[in-house]
Amino acid sequence: MSTDAPGGDLDRTLNDHGDITATQSWQALAAHQPHVFAMHLREVFAVDPDRGRELTVDVGDLHIDYSKHLVLRETLELLFSLAREIGLEEHRDAMFAGRHINTSEDRAVLHTALRLPADASLTVDGQDVVHDVHEVLDAMGAFTDRLRSGEWKGHTGKAITDVVNIGIGGSDLGPVMVYTALRHYADAGIRAHFVSNVDPADLVGTLADLDAETTLFIIASKTFTTLETITNATAARAWLLETLGAGEEATAKHFVAVSTNADEVAKFGIDTDNMFGFWDWVGGRYSVDSAIGLSVMAAIGRQRFAEFLDGFHQVDEHFRTQPLERNAPVILGLIGLWYSNFWDAQTRVVLPYSDDMARFAAYLQQLTMESNGKSVTAHGNHVTAGTGEIFWGEPGTNGQHAFYQLLHQGTRLIPADFIGFAEPTDDLPVTPDGAGSMHDLLMSNYFAQTKVLAFGKTADEIADEGVPPEVVAHKVMPGNRPSTSILAPKLTPSAIGQLIALYEHQVFVEGTIWGINSFDQWGVELGKKQAKELLGLITDPEAPAAQDDSSTDELVRWYREHRGR
Ligand code: F6P
């Protein structure tokens, strides 16, 4: 792909579709919804028996079945019309070309460039993006090769065994999620740890098990001004120097940085030769595939990291080139929007049947909710439709014994994404003479849950089993609860890259239709500023007790009293 976007390419006409609810397609969907509402998935499958085979889409290694959704083929047509009417394809192309679709910050949005192969070409704002990306990847590769081979030595001459990534939000959630998912690929004896919270329990608990001589800290912060990260990094440096009984010179052997802000990195005392950069066109929550993934590369090596990036790229290419009707992120994003805006669903649950993906829902929470938790359009007008699905979830089967009761028999509609793998990362026989293995048992639960959610069990079926009449109503499984089933052959570096990109582009699809800017996050700023002001108030015994609203004043007074101030 070769695209040359001129500098200063902020185009305020981009994605301006006014009141989305006034569009013809939106109104057609609203008129159509009661028709679908009146049907049950049992009936939908009965009249359209091929949908289980046909309402599927394959991308990369992922096989995606969206047949168990509360959509008819006609619903899908209407959703595609909506996407076309608001210019989804044009907006997608604008993103890939590097136009400044992040309007409030006047920035391109180019996480897709982080996974372009070295022979691709993309010049944006006069910058040869592919060259820059691969220059950093090469530097990361050279550095992690030295770490993994033991050539990089700590201050006392010992090889590094543990890396601690200090970062928060996008500078933490991606690396920790991917490292956890790919623990089987950590083949060089480098363990990664992650410290994010400004609660000192996080850092203290992590350092308790580490040997300063063999520990390297990666300070990961796009801005390098984030309070939590700089505070933890400063405390980690104090611990290192004190434990080693060393002077400042030890820092260079035990601290590297990942940032876009070389000045702040230098000010902190990290040699900028040991800094791995990225660019303002990579949002924090879209950055695990940038240098922010350094801890992952240290654990799995540069070749596996390249496979991880290739996984993203496969889905990028699919999203960029496939018609809407066969485009997985488009289909799933539109279905998500269908429930949000036409069924009043508030949340989507993500259920990986993989313990290694324990952090996936937490990762998706930032990706989706920091992106699409907006109430004004990209053009500054109040939105006219609800935005921002609430994502949550836990790995199966644990969730089954916690919250699935509400999914099955509660009053709320909660669309579910099931994710599972054919080949296990670990496996054990179930019992000496049992059928299959523990992994088969896990996956039998995956299939059972999607089936029960969709089709349930009627009162008649339950009564026929001899259940006392007064208990029948309690045992009825209403069904008609929608889910997507995502299957992949194995949880590989490529598969996890594919899954992340699948959700990144769903966020884009929904955000584009809602007409919001999915790439800024102004809503997190005021809290940060007020925390700084309140720090002065809660730590200074001379500060006047009352300054704010009566609730905050009273809470601060109570805290100071119990803190002895
Ligand atoms: O507070 C939100 C946020 O800005 C996220 O968007 C970002 O991922 C996180 O903070 C960390 O920011 P940084 O990488 O600049 O430290």
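Me: How is the chain divided into domains?

Reply: This is a predicted model, in which local features need pLDDT of at least 70, side-chain atom pairs count only at pLDDT 80 or more, and totals for chains, interfaces and linings use all residues. Residues are numbered from 1 along each chain as its sequence is written, and side-chain values use heavy atoms, with hydrogens and water left out. The division gives domain 1 (39-99 + 322-514), domain 2 (116-303) and domain 3 (522-563), with bounds from an automatic or database domain assignment. Between the C-alpha centres of domain 1 and domain 3 lie 42 Å.

Me: Why is the aromatic pair of F255 and F268 called tilted?

Reply: The search of the whole structure finds 28 aromatic pairs. For F255 and F268 the values are 6.3 Å centre to centre and 45° between the planes. Rings of Phe, Tyr and Trp (its six-membered ring) pair if their centres lie within 6.5 Å; planes under 30 degrees apart count as stacked, over 60 as edge-to-face and the rest as tilted. The pair of F255 and F268 is therefore tilted.

Me: Which residues form one aromatic cluster?

Reply: The cluster is formed by W26, F37, W338, Y339, F342 and W343.
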